[in-house]
Amino acid sequence: MREVLVPYIGRFAPSPTGPLHAGSLVAALASWLDARAHGGQWLVRIEDVDTPRCIPGADPLILQQLATCGLVPDAPVMRQSQRGEVYQAALDTLIAKDWAYPCGCSRKDIEDAQAAMGHTRERHQAAVYPGTCRNGLKGEAARAWRLNVQRVIDDLKLAKPLVWHDRLLGKQQQDVAKEVGDFVLRRADGLWAYQLAVVVDDAAQGITHIVRGADLCDNTARQIVLQHALGLPTPHYLHTPLVLGEKGGKLSKQNGAEALDLSDPLLALQTAAQALGLPKADEGAHITQALATWTAAWPPTPR
Ligand SMILES: [Zn+2]
C-alpha cells in the first residue's frame with residue numbers, strides 16, 4: 001500500500017562538477033517519481049558550495065538534461081553558492097550554543113594525532129577527527145569550524161547510536177561521535193561544508209522527503225544530528241541502489257563516468273528505471289507516458 005504523506009516536498013540536488021551521468025539520472029528519476037507518486041512537489045537545488053570543483057556551464061547543462069528527460073522543477077532552482085549568509089547564521093547559532101568550535105589542525109596534525117592514538121586509517125575511510133581542538137586552540141590560528149558531536153548528543157539527549165529509518169533499506173544506525181567524530185561545518189579554506197549546507201537548505205526549501213543515491217546514506221546520521229542542533233525537522237529518507245560502473249566500482253563524475261547520452265532520452269530513462277527495479281515502459285512510448293507508468297509502479301519493492 002502506498003504511503004499517504006501530505007504535504008510532500010522532495011528534491012534533487014546535483015553538484016555541477018560536470019554533466020549528469022547514469023547514476024545521477026537514477027537519483028533524479030527516483031526523487032521525481034517519489035514526489036509524483038505522493039502528489040508532491042519536486043525541487044532542484046544546485047549544490048555548488050564546493051566552488052573549486054564546480055565547472056562553469058555545468059549548472060544550466062544539468063537543468064537542460066533534466067528537462068530533456070521530462071524532469072522539470074516545480075519552483076525556482078536554489079543555488080548554494082548564493083547562500084553564504086544563511087550558512088553563517090546557522091554556524092553562529094551553533095557557536096552561541098557552544099556546540100561548534102574552531103579547529104587549527106592541518107591534515108598532517110590530524111594524521112599524527114591518530115597515529116599517536118594507535119589508529120591506522122583504512123584506505124578510502126574517512127578519518128575520525130581525534131578531538132584535538134575540542135577544548136580550545138593551542139596558539140594555532142583557527143582553520144576550520146567543527147561540530148562538538150558528543151556535546152550536542154548529550155545536551156539534547158539524542159539516542160546513541162543514532163537510529164533512523166530508511167524507507168527502502170530499513171533500520172539504520174550510526175554512533176556519530178565514535179564513527180565520524182567532530183565533523184567540519186566550515187572548511188579550512190573558508191568554504192562551507194556539505195553537511196551544514198544540505199541541512200540548512202533542506203529546511204529552507206521545506207523538504208519533507210529526501211530520495212538520493214545510497215552513496216550518501218552514510219551522511220544521514222550526521223545530518224540528523226545537525227538538524228537537531230539547529231532545531232530543524234528531520235525529513236523522511238530513501239536511498240536508491242547505486243548504479244555500478246563496468247568494473248563494479250561506483251559510477252561518478254570523479255572516476256570519469258561519461259556524460260549521459262540523451263540522443264534517445266527514453267532509452268536513458270529506461271536504463272535508470274531498470275536500475276530502480278521498475279518495469280520497462282513500452283518501446284516508442286512518449287516520455288510523459290513512460291514517467292506515468294513508473295509513477296504508478298512506484299515505490300519499487302525492497303530487494
Ligand atoms: Zn583541530
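Contacts between residues 24 or more positions apart make up 78% of the contacts in the protein chain with a separation of 6 or more. The model is a predicted one. Its protein chain has ten helices and ten strands, and 40% of the 303 residues count as buried.

**Nonpolar cores**

- The largest nonpolar core has 40 residues, and those with the most contacts inside it are Leu-25, Leu-29 and Ala-272.
- At least two residues of this core come from each of H1, strand E2 (41–46), helix H2 (58–68), strand E9 (209–213), strand E10 (236–240), H9 and H10.
- With nine residues, H1 gives the most to this core.
- Once neighbours within four places in sequence are left aside, Ala-272 is in contact with Leu-25, Val-26 and Leu-29.
- Another core, of 37 residues, lies apart from the largest one; among its members are Val-49, Trp-192, Ala-193 and Leu-226.

**Helix H10 and its packing**

- Helix H10 spans residues 287–297, and its residues Ala-290, Leu-291 and Trp-294 are buried.
- Viewed down the axis of H10, the buried residues fall within an arc of 100°, so they line one face of the helix.
- Helix H1 (22–37) and helix H9 (265–275) are what the buried residues of H10 pack against.

**Helices H3 and H7**

- Helix H3 covers residues 84–96 and helix H7 covers residues 194–204; their axes come within 10 Å and cross at roughly 105°.
- Angles of 65 to 115 degrees count as roughly perpendicular, and H3 and H7 are therefore roughly perpendicular to each other.
- On the H3 side, Val-86, Tyr-87, Ala-90 and Leu-91 meet Leu-196, Ala-197, Val-200 and Ala-204 of H7.

**Antiparallel sheet E4-E5-E8**

- Three strands form an open sheet in the order E4-E5-E8, and their pairing is antiparallel.
- Strand E4 (100–103) and strand E8 (184–186) are at the edges with a single partner strand each, so one side of each has no neighbour in the sheet.
- On average, neighbouring strands of this sheet are turned by 40° against each other, direction ignored.
- Four bridges join E4 to strand E5 (residues 144–147) in the antiparallel sense.
- Trp-145 in E5 stands opposite Pro-102.

**Parallel sheet E1-E2-E3**

- A further open sheet has three strands in the order E1-E2-E3, with parallel pairing.
- Its edge strands are strand E1 (9–12) and strand E3 (78–79), each of which pairs on one side only.
- E2 and E3 are paired in the parallel sense over two bridges.
- Ile-46 has Arg-79 in E3 as its bridge partner.

**Cis peptide bonds**

- Lys-160 and Pro-161 are joined by a cis peptide bond, with omega about 0°.
- Pro-161 is in the loop between helix H5 (149–155) and strand E6 (162–166).
- Trp-298 and Pro-299 are likewise joined by a cis peptide bond, with omega about 0°.
- Pro-299 belongs to the segment after H10.

- Asp-98 is a residue other than glycine with a positive phi, near 70°.
- Asp-98 lies in the loop between H3 and E4.
- A residue counts as exposed if 12 or fewer other C-beta atoms lie within 10 Å of its own; Asp-98 has 11 C-beta neighbours inside 10 Å, so Asp-98 counts as exposed.
- Lys-157 is a residue other than glycine with a positive phi, near 55°.
- The place of Lys-157 is the loop between H5 and E6, and Pro-161 is found in the loop between H5 and E6 as well.
- Lys-157 is exposed because 8 other C-beta atoms lie within 10 Å.

Note on methods
Residues numbered from 1 in each chain as written. Predicted model: local features only at pLDDT ≥ 70, side-chain atom pairs only at ≥ 80, totals over all residues. Pairing = 2+ DSSP bridges. Axes fitted to C-alpha atoms, helices over the stretch in contact; angles between N-to-C directions. Buried ≥ 20, exposed ≤ 12 C-beta atoms within 10 Å, placed from the backbone. Arc of directions from axis to C-beta. Contact = placed C-beta atoms within 7 Å. Core = buried A, V, L, I, M, F, W, Y, C linked by C-beta atoms within 7 Å. Parallel < 35°, antiparallel > 145°, perpendicular 65-115°, else oblique.
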